[in-house]
Amino acid sequence: MSGPGMSGSGSALGAPTTSPDLGPADLVITGATVLRHDGTGGISFVPEQIVAIRDGVFESVTDAVDSRGASVDPPAARETIDARGKVAMPGFINCHTHSPMVMFRGAAEDVPADRWFNDFIWPMEVNLTDDDVELATRLAAAEMIRHGVTTFADHYFNMDRIAKVTDETGLRGVLGSTYFSSDGQAGLEQSLEFATRWRGAANGRISTALAPHATYTLNDDDLAATARAAKEHDLLVHIHAAEGRSQTVHSRERTGRTPIGVLHDTGLLDGKVLIAHGIGIVPEDLPLLAPAAAEGRVGVGSAPKGYLKLGFDTTPVRLLAAAGVPVGLATDGAASNNTLDVWESMTFMAYVQKATELDTTWMRAEELLDHATTQSAAAVQLAGVVGRIEPGYRADLILVDLSDPRVQPVHDLASTLIYSARSNDIDTTIVDGRVLMRDRRLLTVDVPGVVGELAPRLARLTDRSHGKSIQNYDA
């Protein structure tokens with residue numbers, strides 16, 4: 001692929017490292033235009049590249065054409081993908097979701113947040129069995145693979161089954177088992193037991209976290225106990241905090257602190273923290289977040305599409321940037337957001353941030369791609385592991401076909417990807433060097449089988465006549 005918007009620095013990301021002594025590479029991708037990062041955080045697109053993958057890692061990224069215009073032979077490989085006319089991008093990272101909630105997609109619409117929780121979602125979640133969660137996670141995995149998501153940070157119940165599906169479908173997961181103060185000491189204990197047992201599983205594709213639900217559903221003692229356990233076991237804490245501006249107001253009224261102040265006072269900001277949403281973060285929170293941000297220990301997962309649907313404000317990305325806090329892209333659960341499509345989140349972030357800031361120059365396309373790649377990786381504590389197509393990084397990438405008339409002509413590739421292209425333009429998804437979707441065909445999930453098995457369960461899953469609830473929402 002060539003032409004306006006497709007050019008960039010002509011140098012290769014890394015010199016070829018394929019050695020005859022090592023034998024053929026596992027996978028070689030030829031002819032792609034590669035999204036690449038420079039040392040200062042900038043993004044460019046380099047045409048005609050050869051990407052070699054060995055043992056789940058990018059081994060080399062080199063030019064397919066030499067300085068004289070002659071074609072360079074790709075290294076020997078067990079499998080080759082001809083990616084001419086396509087863009088190779090790092091796979092998307094869903095920084096906060098509840099994957100099994102695809103089973104409640106469309107079941108709780110057009111109601112306020114308190115009713116959404118108390119009258120619909122939490123009563124329906126009483127009905128869940130382990131098998132329900134596993135089946136729904138398979139459907140979610142298929143959706144994420146189809147939409148180019150290669151890593152997801154999940155916060156839910158029955159997490160053993162989610163981990164099982166993550167392993168079997170080939171995805172990369174940052175997984176945490178949810179608990180509340182109403183669970184007593186057993187809540188933290190089961191989340192910790194899951195985290196220590198599954199950490200590093202699936203050939204390293206599963207990393208784990210403690211997953212206290214929120215600053216308003218756990219008391220200070222339980223949050224402090226979580227902070228101590230996380231520090232002792234070197235675990236990330238994934239928690240809902242400052243989900244809306246009203247939560248910040250209510251937190252001040254009840255505790256004299258913002259939700260971020262609660263995280264600080266209970267010791268959670270002394271460790272690694274992934275904050276879900278962060279809509280209600282305010283300027284007084286920045287001095288509390290800045291020390292953790294400077295050490296790469298805090299990030300925010302933002303799901304802007306769902307906020308619009310719920311009539312909320314959005315994550316204050318510009319404010320967080322001032323404190324050096326990475327903001328990654330997220331979808332939240334499909335019960336509120338309706339899809340697990342991070343590409344949608346990327347595009348919505350562009351629109352919402354410009355409208356919120358009343359500034360057309362804010363959140364340029366290149367900045368959005370940075371949020372989708374390196375900032376998302378940093379938010380889930382995988383900086384230096386994923387988020388770049390670069391030697392030494394895990395080989396998670398997608399191939400985007402820009403042949404559709406909707407995306408032509410291409411004047412600026414970054415803008416084309418943000419404003420014209422869609423996740424339906426992805427035709428290949430690769431995680432850890434394994435092809436999970438090729439030519440838009442899913443290879444690790446039987447979607448018709450999953451949908452057929454899920455359908456007879458829906459009436460039971462959405463029944464609320466029992467009068468029970470997982471929790472009471474009073475944020």
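N219 caps the N-terminal end of helix 5 (residues 220–233), with a side-chain oxygen 3.1 Å from the backbone nitrogen of D221. A polar contact here is a pair of N or O atoms within 3.5 Å; within protein, one must be able to donate a hydrogen and the other to accept it, and residues adjacent in sequence count only if both atoms are side-chain atoms. Helices (H or I, at least four residues) and strands (E, at least two) are DSSP runs, numbered from the N terminus.

The model is predicted: local features need pLDDT of at least 70 and side-chain atom pairs count only at pLDDT 80 or more, while totals for chains, interfaces and linings use all residues. Residues are numbered from 1 along each chain as its sequence is written, and side-chain values use heavy atoms, with hydrogens and water left out.

## Two helices

Helix 5 has 14 residues, and its end C-alpha atoms are 20 Å apart, which agrees with the 20 Å that it should span at 1.5 Å a residue. The expected span is 1.5 Å times one less than the number of residues. In helix 5, L223, A224, A225, T226, A227, A229 and A230 are buried. Buried means under 20% relative accessible area, exposed means over 50%, and partly exposed lies in between (1.4 Å probe, protein chains only). The cover over the buried residues of helix 5 includes strand 8, helix 4 (185–198), strand 9, strand 10 (236–241) and helix 7. Contact means heavy atoms within 4.5 Å. After helix 5 comes D234, with a positive phi near 55 degrees.

Helix 12 (residues 342–357) has 16 residues and reaches 22 Å from its first C-alpha to its last, close to the expected 22 Å. At its start, a side-chain oxygen of D341 comes within 3.0 Å of the backbone nitrogen of W343. The buried residues of helix 12 include V342, W343, M346, M349 and Q353. L358 follows helix 12 and has a positive phi, near 55 degrees.

An open sheet is formed by eight strands in the order 6-7-8-9-10-11-12-13, with parallel pairing. Its edge strands are strand 6 (92–97) and strand 13 (327–329), each of which pairs on one side only. Neighbouring strands of this sheet are turned by 25 degrees against each other on average, direction ignored. Two strands pair if DSSP finds at least two bridges between them. Strand 12 (residues 298–302) and strand 13 pair in the parallel sense over three bridges, and G301 has G328 in strand 13 as its bridge partner.

Helix 3 (residues 159–169) lies across strand 7 (149–156), strand 8 (172–179) and strand 9 (206–212), and runs at about 175 degrees to strand 8. Axes are lines fitted to C-alpha atoms, for helices over the stretch in contact, and angles run from 0 to 180 degrees between N-to-C directions.

Strand 2 (residues 43–54) and strand 3 pair in the antiparallel sense over six bridges. I50 has T62 in strand 3 as its bridge partner. The hairpin of these two strands has two residues between them, and D55 takes a positive phi near 55 degrees there. Strand 3 (residues 57–63) is mostly covered, with six of its seven residues buried.

## Cores and single residues

A nonpolar core is a set of buried Ala, Val, Leu, Ile, Met, Phe, Trp, Tyr and Cys residues joined through side-chain atoms within 4.5 Å. The largest has 115 residues, of which F92 and L210 touch the most other members. Helix 2 (residues 130–146) gives the most to this core, with nine residues. Apart from it lies another core, of 18 residues, among them I29, V51, I389 and L397. Setting aside residues up to four places away in sequence, F92 touches residues including V149, V342, W343, M346 and I426.

| Residue | Relative accessible area | State |
|---|---|---|
| T97 | 0% | buried |
| V327 | 1% | buried |
| Q247 | 5% | buried |
| G271 | 24% | partly exposed |

T97 is in strand 6. Leaving aside neighbours within four places in sequence, its contacts include F152, D154, T331 and L340. V327 lies in strand 13 and, with the neighbours within four places left aside, is in contact with residues including V300, T315, M349 and Q375. Q247 is in helix 6 (residues 245–255). G271 is in the loop between helix 7 (259–265) and strand 11 (272–277).
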